[in-house]
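Visitor: I am new to this structure and would be grateful for a guided introduction. May we look at the sequence and the model together?

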Amino acid sequence: MGDMTDVLVVGGGIIGLTAASRLRQRGANVTIWTADDVRDTVSSVAAAVWYPSHVDEDPRVLRWAAEAYREFVRQASAGVPGVMLRRTRMVMRTAPDVVPWWVAGAGDASLADGEVHFTAPLVEMETYLPWLRQGLIDDGVRIERRRVSSLSPALAAAPLVVNATGLAAGELCGDPAVFAARGHVVITDNPGLDVSVRDEDNPAGLTYVHPRSHDVVLGGTYEVGQWSLEPDPAEVTAILRRCAALEPRLAGVRVRGSKVGLRPGRRGGPRVEAAGRVIHAYGHGGAGMTLSWGCADEIAGLASSGTING
Ligand SMILES: Cc1cc2nc3c(=O)[nH]c(=O)nc-3n(C[C@H](O)[C@H](O)[C@H](O)COP(=O)(O)OP(=O)(O)OC[C@H]3O[C@@H](n4cnc5c(N)ncnc54)[C@H](O)[C@@H]3O)c2cc1C
């Protein structure tokens, strides 16, 4: 790594890449260290649909979600690869007459027949993450494959470090609030669907249907404390059954594959704060895409008030 780095971002998932982008836009010389290729991160497994899933109501979370929503809408209209907008039906099993807190961040949403209807940004991560990564490289950000066992080498290499290591942050900074929440999604052919449907509180299990440009992502599971990355065939069958009950056109659809990832959960919500020369940015649980650009703005703001301009 050259000695011109102002900020070293450890982690090259959606949180690290968006933070690096905002830091670079503010003029910082940025280097990223990532243990994994971007296609092997949890971020690349995400259904990546805007919705603050499994995050508690919190003014910070709402602000990040709203900012990310606006940014993805802007990117969709600018034709950024992999970014699109989806009309969405969300089944409200509990309190069907109450407008949920997150709606304030979701553009124009309406409540009808026990459902919230809104437009959700959806990101095809296998296209978007490499695009984001290449844009950073073109803009002068150095990206290096390097796994650290503590933040000390990063602190020795740069005046300011962003800790965007997702689930690994639990061990890297000894945070006992971090936990894994295993998620399993099934990818199928698209039988002509163009509306996302969510049934988060389905007693049979978390259920969602997200049509993309060439396929459909069906979910899902949210298994706290489960670390297995092996797809479970029984789970695939159960997800297909729940999704076909929600959207009958999925009955008998051809399965293309399935993916498993470990969401970086954190009791108390995401940690986005400065501590000495480290800005921590981890614990985004099931909402890393949903909060990404909003958190990135906050990280860049924290950095500007410190080392970059200091
Ligand atoms: C099945 C599933 C569906 C999901 N659906 C959605 C959704 O619809 N909407 C949504 O908003 N979110 C969704 N999520 C959640 C989302 O994927 C995560 O919140 C997000 O990916 C977290 O991003 P991150 O950058 O913090 O972590 P990661 O993507 O895990 O990136 C962590 C980075 O840190 C690096 N790293 C880790 N340890 C080290 C180390 N020791 N040294 C150096 N580098 C290290 C890794 O290599 C990687 O580059 C879903 C997740 C799953 C599993």
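Guide: The 17 residues of helix H7 should span 24 Å at 1.5 Å a residue, and the end C-alpha atoms of H7 are 23 Å apart, which agrees. The expected span is 1.5 Å times one less than the number of residues; helices (H or I, at least four residues) and strands (E, at least two) are DSSP runs numbered from the N terminus. This is a predicted model, in which local features need pLDDT of at least 70, side-chain atom pairs count only at pLDDT 80 or more, and totals for chains, interfaces and linings use all residues. Residues are numbered from 1 along each chain as its sequence is written, and side-chain values use heavy atoms, with hydrogens and water left out.

Visitor: At which residue does H7 bend?

Guide: The bend at a residue is the angle between axes fitted to the seven residues ending there and the seven starting there. In H7 this angle is about 35°, and the residue is glycine 294.

Visitor: How many of the 17 residues of H7 are buried?

Guide: Buried means under 20% relative accessible area, exposed over 50%, and partly exposed in between (1.4 Å probe, protein chains only). H7 is largely enclosed by the rest of the structure, because its buried residues number 13 of the 17.

Visitor: Is histidine 280 buried or exposed?

Guide: Histidine 280 is placed in strand S15, residues 278–282. Its relative accessibility is 6%, so histidine 280 counts as buried.

Visitor: With which side chain does the side chain of histidine 280 make a polar contact?

Guide: A polar contact is a pair of N or O atoms within 3.5 Å; within protein, one must be able to donate a hydrogen and the other to accept it, and residues adjacent in sequence count only if both atoms are side-chain atoms. For histidine 280 the distance is 3.1 Å, and the partner is asparagine 163.

Visitor: How many disulfides does the count come to?

Guide: A disulfide is a pair of cysteine sulfur atoms within 2.5 Å. Cysteine 173 is in none, as the nearest cysteine sulfur, that of cysteine 295, is 15 Å away. By this rule the count comes to zero.

Visitor: Which residue just after H1 takes a positive phi?

Guide: Helix H1 covers residues 14–25, and 10 of its 12 residues are buried, so H1 is largely enclosed by the rest of the structure. Just after H1, a phi of about 100° is taken by glycine 27.

Visitor: What is the phi of histidine 54?

Guide: Histidine 54 is found in the loop between strand S2 (30–34) and helix H2 (59–77), and at a relative accessible area of 42% it is partly exposed. Its phi is positive in a residue other than glycine, with a value near 55°.
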